[in-house]
Amino acid sequence: MKRPRELAAQYHASLRANVLQLVEEVTGRDMEALKINLNSPLHSQPSPTLLDLGVTSAQAALLRACIFKQLMADVNTFDLLKTPFSEMVLLVGAAQSKQVGAVLPPLGSAQAQDVASLVSADS
């Protein structure tokens, strides 16, 4: 049986790979080059930001939409650009744990019919 810390490490590694893949798709850069830049000793910070890697605000807005759609996490564009990459992955993980959006009742259920009758009564 795996320990919780090992499971958390696997989850974090998987999430990091998913975010890196989305950055690669949005920017058109090679993932290996991104990994090298993220681990480069040339940056003053331990983990560079996406802005340090040359990601533009337009690319960050597209990345935000992809993260929201594919990873179901709502992170603002400023945090994507300005937060060091390792911390940004943690932000995405924290945002995934929050439920975003509205829960809709199944179509045809009694709850859905009640909501439909309320909406039609208002019109």
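**Entry 1: the overall fold**

I began with the secondary structure and found 6 helices and 0 strands in the chain. Helices here are DSSP runs of H or I with at least four residues, strands are runs of E with at least two, and both are numbered from the N terminus. Reading from the N terminus on, I noted the order α-α-α-α-α-α.

A note to myself on the source: this is a predicted model, where local features need pLDDT of at least 70 and side-chain atom pairs count only at pLDDT 80 or more, while totals for chains, interfaces and linings use all residues. Residues are numbered from 1 along each chain as its sequence is written, and side-chain values use heavy atoms, with hydrogens and water left out.

**Entry 2: surface and contacts**

Next I looked up how much is hidden. Of the 123 residues of the chain, 28% count as buried; that word stands for under 20% relative accessible area, with exposed for over 50% and partly exposed in between (1.4 Å probe, protein chains only). The chain exposes about 8400 Å², and carbon and sulfur atoms supply 59% of that area. The areas come from the Shrake-Rupley method with a 1.4 Å probe, and for residues only the protein chains shown count as cover.

I also checked contacts, meaning heavy atoms within 4.5 Å. Among those with a separation of 6 or more, residues 24 or more positions apart account for 53%.

**Entry 3: the core**

Which residues touch the most other members of the largest nonpolar core? I found V19, L50, L63, I67, F85 and V92, out of 26 residues in that core. Such a core is a set of buried Ala, Val, Leu, Ile, Met, Phe, Trp, Tyr and Cys residues joined through side-chain atoms within 4.5 Å. The elements giving two or more residues to this core are α1 (4-27), α2 (31-38), α3 (57-70), α4 (77-82) and α5. Helix α1 gives the most, with 6 residues.

**Entry 4: F85 and V19**

I then picked F85, which sits in helix α5 (residues 85-97). F85 is buried, with a relative accessible area of 1%. Leaving out residues up to four places away in sequence, F85 touches R16, V19, L20, L38, S47, P48, T49 and L50. P48 is 37 residues from F85 in sequence, yet their C-alpha atoms are 6.0 Å apart in space.

I followed helix α1 to V23. V23 counts as buried at 2% relative accessibility. Beyond its neighbours within four places in sequence, V23 is in contact with G28, L34, L50 and L63. V23 and R64 are 41 residues apart along the chain, and 9.9 Å separates their C-alpha atoms.

**Entry 5: the salt bridge**

How many salt bridges does the structure hold? I found 1, counting a side-chain nitrogen of Lys or Arg within 4 Å of a carboxyl oxygen of Asp or Glu. The side chains of D74 and R64 meet in a salt bridge at 2.9 Å, N to O. The pair links distant parts of the chain, 10 residues apart: D74 lies in the loop between α3 and α4, and R64 in helix α3. D74 is partly exposed at 38% relative accessible area, and R64 is partly exposed at 30%.
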